[in-house]
Amino acid sequence: MSFISEFWAFMRARKKYWLAPVLLMMALFGGLVVLSQGSAIAPFIYTLF
């Protein structure tokens with residue numbers, strides 16, 4: 001959790017609020033890939049990328 005709080009402090013100090021949605025979408029796509037590794041829908045998700 002210290003990484004998240006340190007990153008939030010960085011964004012506040014440098015006014016880089018646009019990084020938050022970018023990182024959120026990267027985390028969501030990463031979670032989608034990890035969760036679909038062993039499922040039957042994996043080939044359909046990989047076609048998105």
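Predicted model: local features only at pLDDT ≥ 70, side-chain atom pairs only at ≥ 80, totals over all residues.

Residues are numbered from 1 along each chain as its sequence is written, and side-chain values use heavy atoms, with hydrogens and water left out.

**Exercise 1.** Find which element has the lowest mean pLDDT and which the highest.

Step 1: pLDDT is the predictor's confidence in each residue, from 0 to 100. Step 2: the protein averages 82, and 88% of the residues score at least 70. Step 3: helix α3 (residues 42-46) comes lowest at 71, while α1 is highest at 88. (Helices are DSSP runs of H or I, at least four residues, numbered from the N terminus.)

**Exercise 2.** Work out where Lys15 lies and whether Lys15 is buried or exposed.

Step 1: look in the loop between α1 (2-14) and α2 (19-35). Step 2: Lys15 isn't a glycine, yet has a positive phi of about 60 degrees. Step 3: buried means under 20% relative accessible area, exposed over 50%, partly exposed in between (1.4 Å probe, protein chains only). Lys15 has 61%, so Lys15 is exposed.

**Exercise 3.** Describe how the rings of Phe3 and Phe7 pair up.

Step 1: rings of Phe, Tyr and Trp (its six-membered ring) pair if their centres lie within 6.5 Å; planes under 30 degrees apart are stacked, over 60 edge-to-face, the rest tilted. Step 2: that rule gives three aromatic pairs. Phe3 and Phe7 form a stacked one, 6.1 Å centre to centre with 20 degrees between the planes. Step 3: both sit in helix α1, four residues apart, about one turn of the helix. Step 4: ring pairs link Phe3, Phe7 and Phe10 into a cluster.

How values were computed: Helix = DSSP H or I, 4+ residues; strand = E, 2+ residues; numbered from the N terminus.
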